[in-house]
Amino acid sequence: MLIVVVRTLILYIVVIIALRLMGKREIGQLQPFELVVILMISELAAVPSENVGVPLLSGIIPILVLLSASQTFAYISLKSERARDIICGRPSILIDRGKISEEELNRNCYNISDLLEELRLNNVPNIADVEFAILENNGQVSVFPKVQKRPTIPEDFGIEPPYEGLPLTIIMDGKLKKNYLEQSKKDLDWLKSELEKQKISQIEDVLIASLDSSGKLYVQAKATKKSSPSKHSVR
C-alpha cells in the first residue's frame, strides 16, 4: 500500500509540473493539440498508479515525451503563421455583417441553437443586433454587436475619465502585504491611522484592505471582530 501511495504522489507531481510547463491557460482556452496532450497525460499517469506491476518509468517517460511534443508544437505555431493555421486551425466567421453563414455552421458542426446560446452568453439575446460572430480556435465565440447596439463609452461623448490603475491589496486575511504597502507609497503609521478611524485596532482583525489608484481605501473587518460597521471605504 505504501508503494502505491508513493508511486501515485510521484506521478501526481510529474503531471503538475508538466501542466505548469504547458502554461496558465484555462481548459476552455486550450488549443486542440494541448487538450489532446492533457487527456493522454491523465491516461498515462493512471496506469502506473493503479498497477504496481507496471514500471513507474513506463508512465513518466511517455508523459515527458508528450510534454516535449507539446512544447515543440507550441514553439512552431508561435514562429510560423502557416504552421499555426495547420496545427491550431483558423477562426470561423459564423455571422458576417449581420448574416448567418450556413456553410461555416455546417463545416464546424454548429447548429443554430448552439449559436443562439453563445450569443446569450455574450449578453446579446437578439441575433438581429449582431454584426459579426467568430468561432475561435478554442471553441469560444467572439460577438461584435452592430454599432447602434454596442454599449456607449466615454469617448463617444468626448469625455476623458481619470486614469485607473490596479488596486493594491494591502491586507488579506489579517496579514499585511508589505510589498504592496511600499508600492502604494504609504507607510505603516498611515495604515494604522486609517484603521483606527474605522475602530479597528489590529491588522489581524482585517479581512481585506484594498487601496485603489485614487487613494480610496476599502476595509472590511473579519466577522469575528465585534466592532461597529464591518465594511468601510475611506480616503
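1. Helices α3 and α4 (residues 81-88) pack with their axes 5 Å apart and at an angle of about 130°. Helices here are DSSP runs of H or I of at least four residues, strands are runs of E of at least two, and both are numbered from the N terminus. Axes are lines fitted to C-alpha atoms, for helices over the stretch in contact, and angles run from 0 to 180 degrees between N-to-C directions. The two helices are therefore oblique to each other; angles under 35 degrees count as roughly parallel, over 145 as roughly antiparallel, 65 to 115 as roughly perpendicular and the rest as oblique.

2. The model is a predicted one, in which local features need pLDDT of at least 70 and side-chain atom pairs count only at pLDDT 80 or more, while totals for chains, interfaces and linings use all residues. Residues are numbered from 1 along each chain as its sequence is written, and side-chain values use heavy atoms, with hydrogens and water left out.

3. Which residues make the contact between α3 and α4? On the α3 side they are Phe73, Ile76, Ser77, Leu78 and Lys79, and on the α4 side Glu81, Ala83, Arg84, Ile87 and Cys88; contact means heavy atoms within 4.5 Å. These residues divide into six nonpolar, one polar and three charged. In this division Ala, Val, Leu, Ile, Met, Phe, Trp, Tyr, Cys and Pro count as nonpolar, Asp, Glu, Lys and Arg as charged, and the others, Gly among them, as polar.

4. Helix α1 (residues 2-22) packs with helix α2 (residues 32-50) at an angle of about 170°, their axes being 9 Å apart. The pair is therefore roughly antiparallel. Among the α1 residues in this contact are Val4, Leu11 and Met22, and among those of α2 are Val37, Ile41 and Pro48. The contact residues comprise eleven nonpolar, two polar and two charged.

5. The axes of α1 and helix α3 (residues 57-79) come within 10 Å and cross at roughly 5°, which makes α1 roughly parallel to α3. Residues of α1 including Ile10, Val14 and Leu21 meet residues of α3 including Ile60, Ile63 and Leu67. The residues of this contact are ten nonpolar, two polar and no charged.

6. In what order do the four strands of the open sheet lie? The order is β2-β1-β3-β4, with antiparallel pairing; two strands pair if DSSP finds at least two bridges between them. The edge strands, β2 (99-100) and β4 (141-145), each pair on one side only. Helix α6 (residues 112-121) packs on the sheet and touches β1 (92-96), β2, β3 and β4, its direction making about 80° with that of β1.

7. The individual pairings can be followed across the sheet. Two bridges join β1 and β2 in the antiparallel sense, and Ile95 stands opposite Ile100 in β2. The hairpin of these strands has two residues between them, and Arg97 takes a positive phi near 55° there. Four bridges link β1 and β3, where Ile93 stands opposite Ile134 of β3. Strand β3 (residues 130-135) is joined to β4 by five bridges, and Leu135 has Val141 of β4 as its bridge partner.

8. Lys186 lies over the face of Trp190, at 4.9 Å from the ring centre. A charge sits over a ring if NZ of Lys or CZ of Arg is within 6 Å of the ring centre and within 35 degrees of the ring normal.
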